[in-house]
Amino acid sequence: MRRMEGTMNKPTKKLGFGMMRLPLTKADDPTSIDFEQTCEMVDTFLERGFTYFDTAYMYHNGMSEETAGRALVDRHPREAFTLTTKLPVMMMKKEEDNERIFADQLRKCHVEYFDYYLLHCLTKENYETAKRLHCFEFVQKLKAEGKVKCIGFSFHDSAEVLEEILSEHPEMEFVQIQLNYLDWEDENVQSGKCYEVCEKYGKPVIVMEPVKGGTLANVPPAAEALMKAQCPEASVASWAIRYAASKPGVMAVLSGMSTLGQLLDNTSYMKEFEPLSEQESLICEQAARIIREKIEIACTGCAYCTEGCPKHIAIPKYFALYNDWMRLDKKGNAPFYYGTTAREFGKASDCIRCRQCERHCPQHLPITQYLDTIAQTLEKEA
């Protein structure tokens, strides 16, 4: 294994502010970003010595970049922060989209350059699109022109595909992967294997989904008891973020923080970061085994699956309700909330099996199969 040598401007602290799950004024409207609370969170993050902000073209139905421009760029000196965004390869149809989208991103974020710029969500299919539309050449051109400082890509596929990309594109300076203690040995996500490929090619890693969409902030009681016995004052989420940050090749761990409380907690233990001890690492492994026995659908709530759904089905919402219902042994209010949600969105039984959702799912879930299950359970109960 070899570490990459170079002049990348790496974050001085390992915690990054993921602007994918910003606070909302209306729970069912991802565009209703609570701007006042977001500004307070941005200010506090910077005051505590953290600088890395991550947004993307598609986050919050297109509103995340604009919010970054207003809450961060307009209110703080450009040299005080690091701003990252992504080229949405999965949404692109023609080569001209490269220039059009990047120009739109500069406008929305109110900047003249980005510190880090990624090809977004490379899978085997999206990699072929990126090659066909010359996205790799485009981001290299942006770097040569000084419009981006560092180029890389976010990745959601097998370690084999990751190795193919890195072997064919050594110019990529870093890789963003999903990494957490639950997915480290998972054969669908392949966190551990993908991390090892990055190590092999000497590429620094940025971690996404360290808390797996909140799953690792709300673990089963038996797993939480292990953590509290070791560190009574530490939050459950802190174990997941510290696990990811403890990997030597990781330069930043993104947390999609939705409240000021989450931000205060994350910055409290990451300000003077201490890697997990051997005993703490073993507890994470034990927790992963306990969680696997309880979780039904390993959805992170990213909502990539809902983009373009012809029936407007609230897939991540239904999956979260189903997980809660099963975790409580089919008790609780999940069927009621399913019925309430289904009055505004398509029902699980409305699925026409076009499977576009499955093609976009970073977790590679059999979504249509799960929707059938939900239609036969929550929908009937509702």
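Visitor: Which helices each supply at least two residues of the lining of the largest pocket?

Guide: Keep in mind that this is a predicted model. Two helices answer your question: H11, residues 278-294, and H12, residues 315-327. Each supplies at least two residues of the lining of the largest pocket. H12 gives the most, with 7 residues.

Now the pocket itself. The largest pocket holds about 1,600 Å³ of space. Its lining counts 48 residues. Nearest its centre lie Gly 301, Cys 302, Ala 303, Pro 316 and Lys 317. Two of these names, Pro 316 and Lys 317, fall within the 315-327 range of H12. By class, the lining has 25 nonpolar, 13 polar and 10 charged residues.

Next, the second largest pocket. About 470 Å³ of space lies there. It is lined by 31 residues. Closest to its centre are Arg 21, Val 211, Gly 213, Ser 255 and Gly 256. H10 gives the most, with 3 residues. The classes here are 14 nonpolar, 13 polar and 4 charged.

The largest nonpolar core has 87 residues. Those with the most contacts inside this core are Phe 17, Phe 53, Leu 83, Leu 119, Phe 153, Phe 155 and Tyr 181. H9 provides the largest share of the core, 7 residues. Take Leu 83 as an example. Leaving out residues up to four places away in sequence, Leu 83 touches a list of residues that includes Phe 53, Ala 68, Leu 72, Val 111 and Phe 114. Arg 78 and Asp 115 are also among its contacts. A second, separate core has 26 residues, including Ile 297, Ala 334, Tyr 338 and Leu 378.

One more helix is worth a stop. H4 spans residues 124-132, and its buried residues are Asn 126, Tyr 127, Thr 129 and Ala 130. These lie on the same side of H4, because they cover an arc of only 160 degrees around the axis. They pack against strand E4 (114-122), helix H5 (135-144) and helix H6 (159-168). After H4 comes His 134, with a positive phi near 60 degrees.

Definitions and conventions:
Residues are numbered from 1 along each chain as its sequence is written. This is a predicted model: local features need pLDDT of at least 70, side-chain atom pairs count only at pLDDT 80 or more; totals for chains, interfaces and linings use all residues. Side-chain values use heavy atoms; hydrogens and water are left out. On a 1 Å grid over the protein atoms alone, a cavity is a set of points where a 1.4 Å probe fits but cannot get out, and a pocket is an open set with protein on both sides within 12 Å along at least five of seven lines; lining residues have an atom within 4 Å of a point. Grid points are joined across faces, edges and corners, and a volume is the space filled by probe spheres set on the points. Helices (H or I, at least four residues) and strands (E, at least two) are DSSP runs, numbered from the N terminus. Ala, Val, Leu, Ile, Met, Phe, Trp, Tyr, Cys and Pro count as nonpolar, Asp, Glu, Lys and Arg as charged, and the others, Gly among them, as polar. Buried means under 20% relative accessible area, exposed over 50%, partly exposed in between (1.4 Å probe, protein chains only). The arc is that of the directions from the helix axis to the C-beta atoms. Contact means heavy atoms within 4.5 Å. A nonpolar core is a set of buried Ala, Val, Leu, Ile, Met, Phe, Trp, Tyr and Cys residues joined through side-chain atoms within 4.5 Å.
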